[in-house]
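Thank you for asking me to look through this entry before you take it further. My comments follow as numbered points, each meant to be read beside the coordinates.

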Amino acid sequence: MEFDVMNILYYCAVILLFTKLFGMITRRLGLPQVVGMIIAGLLVGPAIIGQLGWGDFKGLVAPSPTEMNVLKSFSQIGVVFILFSSGLETDLKELKRSGIAATVIALAGVLVPVLLGTGVAILFMGGDVSTEKLMNAIFVGMILAATSVGITVETLKELGKLNTRVGTTILSAAIIDDVLGIILLSVVTGISGGGNILNTLLKTVGFFAFTIGMGILLRFIFKYLSTKYPHKRRTGIFALAMCFFFAFCAEKFFGIAAITGAYMAGLMLSGLNDTEFVDRKVVISGYMIFTPIFFAYIGISADFSHFKSSGLIFALIFVLVGIIGKILGCSLAAKPFKYSNRECLTVGCGMIARGEVALAIYATGQNLICYEGKELVGIDPLVPTILLIVITSILCPVFLKLVFKNQKHETVQRDNITTIHSEAIENIPNEREFDGKSI
């Protein structure tokens, strides 16, 4: 079935306008702009209006199946941009010196929420652990894995605690948390693609060996380019080419999610002289069109025709488990490293916020969630994911302010860090100034 290119232009115009407007509104309300962008997709698309029975009007954006595939392709490019930017913003120096404490905290901060989320999903499926439903439940649980540290960093800055021992631990653990979440996603997507566990692990190891080996070589080339030709657009173009190539190889040759390849490409180019310059170009390129379409597409493609009241109950329990899992896992993991009870609780509270990586995991697993599971659980886990982002974005700074109340100010000596990691969407929509112009 052919599609009208003019319709695509119209859909892009509507999506860009409404995602920006609703993003600005949610930002004014103190929420991440991703929430506004998804709401925009829900309102302009057929997800809600299509259920109201307003004759032939299905929404401002009501694409045909072929046009939907075009928007889906744009959205997949958008999520690749997001993970590439996240990789670029990861501080390799911080990773190297973070130590075993932050690594153990991050590991617990991934495994405990994922296991709890998977268990709750299985319970809502009636306890059925058939292969399809188990993979469904694991993907639902994996949405709870990643930590969005953007809100946490801003709160720690405001409280003057970013350079404390606890602040440094939260920052380091959040960085490692993302890496572990990406590795786990790689393994699970490989298994769900039909491979056995051994083959999947071998492919995963092969993928990371490939990306690290080639990444080190390309890193030397980019280091030379950034030194000899600083701040040239060619550097950003070559970096994007590397990002797309790594994303292609990940899925085509290793059965790993494309976003994992994009993240690894960014990670291998992080910390160079021109990394910040490249990141700015990536941000501008992505957030001008592809990334807003990604978030809007989630809302536009949502299907609430099978949504049941049990789905809302599940969503609330899902959010509760996500919060408890991070606090419990990270707090208990910090205890053996001689953190006080208050410090352990602070670390746990600082790790609860979720952002666009949770949405990226949702989008990656969406095609692998079995239809029967949707009926039994009342989801496609879109509603739980949106609630998770909204509620944790509100509660994270509130909890941190409470646990830091009356706590003595403690600073630690740190090397000069030029880049503070945060997941791309938490920083980007904050009307940051790039080359004298705000986005």
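1. A residue is called buried here when its relative accessible area is under 20%, exposed when that area is over 50%, and partly exposed in between. By that criterion Ser393, with a relative accessibility of 2%, counts as buried. The residue belongs to helix H18, which spans residues 382–404, and a polar atom of the Ser393 side chain lies 2.5 Å from the backbone oxygen of Ile389.

2. Please keep in mind throughout that this is a predicted model. The chain comprises 439 residues, of which 55% count as buried, and its secondary structure consists of 19 helices and two strands.

3. How many salt bridges does a search of the whole structure find? The search returns one, and this salt bridge joins Lys326 to Asp177, with the closest N and O atoms 2.8 Å apart. Because Lys326 lies in helix H14 (residues 309–334) and Asp177 in helix H9 (residues 165–192), the pair ties together parts of the chain that are 149 residues apart in sequence. Are the two partners buried or exposed? Both Lys326 and Asp177 are buried.

4. The aromatic side chains deserve a point of their own, since a search of the whole structure finds 14 aromatic pairs. One of them is formed by Phe18 and Phe22, whose ring centres are 6.3 Å apart and whose planes meet at 25°, so the pair is stacked. These two residues are four positions apart in helix H1 (residues 5–28), which means that about one helical turn separates them. Phe18 is partly exposed, at a relative accessible area of 24%, and Phe22 likewise counts as partly exposed, at 23%.

5. A pair with another geometry is that of Phe74 and Phe290, where the ring centres lie 5.8 Å apart and the planes stand at 90°, so that the arrangement is edge-to-face. Since Phe74 is in helix H4 (residues 65–89) and Phe290 in helix H13 (residues 275–300), this contact ties together parts that are 216 residues apart in sequence. Phe74 counts as partly exposed, its relative accessibility being 22%.

6. Ring pairs link Phe207, Phe208, Phe210, Phe245, Phe246 and Phe254 into a cluster. Elsewhere, the charged end of Arg234 sits over the ring of Tyr229, at 4.9 Å from the ring centre.

7. Which residues does Thr118 touch, once those up to four places away in sequence are left out? The partners are Ala137, Ile138 and Gly141. Thr118 itself is placed in helix H6, which covers residues 99–124, and at 10% relative accessibility the residue counts as buried, because the limit for that class is a relative accessible area under 20%.

Conventions. Residues numbered from 1 in each chain as written. Predicted model: local features only at pLDDT ≥ 70, side-chain atom pairs only at ≥ 80, totals over all residues. Heavy atoms only, no water. Buried < 20%, exposed > 50% of the residue type's maximum accessible area, 1.4 Å probe, protein only. Phe/Tyr/Trp six-rings, centres within 6.5 Å; stacked < 30°, edge-to-face > 60°. Lys NZ or Arg CZ within 6 Å of the ring centre and 35° of its normal. Polar contact = N/O pair within 3.5 Å; in protein donor to acceptor, adjacent residues only side chain to side chain. Salt bridge = Lys/Arg side-chain N within 4 Å of Asp/Glu carboxyl O. Contact = heavy atoms within 4.5 Å.
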